[in-house]
Amino acid sequence: MPTTELGRLLEELESEIGEGGPLDDADREALGELQGRIAAVLSTSDEKIETEASSLSEPIADYVDRFEASHPTLTMTLGRIMDALNKLGI
């Protein structure tokens, strides 16, 4: 189930933010906000999940581009989150 996978990836993202090496405060704060938005999608009813999650694709893609060279593991997790959102039809 995609929401289960998304929940697991959210936990992985949280772990990587915590031990992600030299993230500056602004990046850490922005990723924390993104993490909160993903958590909100997981707590949304099935009828509203597509609407709630549709606004996440662009910010996640921006972070993938931003961290691709400096944080490859974080980038892979963000890419897998994008894939999980796509499986939800977003």
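Modeller: Hello! Helices here are DSSP runs of H or I with at least four residues, and strands are runs of E with at least two, numbered from the N terminus. The model is predicted, so local features need pLDDT of at least 70 and side-chain atom pairs pLDDT 80 or more, while totals for chains, interfaces and linings use all residues. Residues are numbered from 1 along each chain as its sequence is written, and side-chain values use heavy atoms, leaving out hydrogens and water.

Biologist: Is Gly-79 buried, partly exposed or exposed?

Modeller: Gly-79 sits in helix H5 (residues 72–87). Buried means under 20% relative accessible area and exposed over 50%, with partly exposed in between (1.4 Å probe, protein chains only). Gly-79 has a relative accessible area of 23%, so the class is partly exposed.

Biologist: Which side chain of opposite charge is nearest to Glu-16, and how far away?

Modeller: Glu-16 belongs to helix H1 (residues 2–19) and is buried. Lys and Arg count as positive, Asp and Glu as negative, with His and the chain ends not counted. A salt bridge needs a side-chain nitrogen of Lys or Arg within 4 Å of a carboxyl oxygen of Asp or Glu.

Biologist: How are the rings of Tyr-63 and Phe-67 arranged: stacked, edge-to-face or tilted?

Modeller: Rings of Phe, Tyr and Trp (its six-membered ring) pair if their centres lie within 6.5 Å; planes under 30 degrees apart are stacked, over 60 edge-to-face, the rest tilted. The whole structure has one aromatic pair. With ring centres 5.8 Å apart and planes at 5 degrees, Tyr-63 and Phe-67 are therefore stacked.
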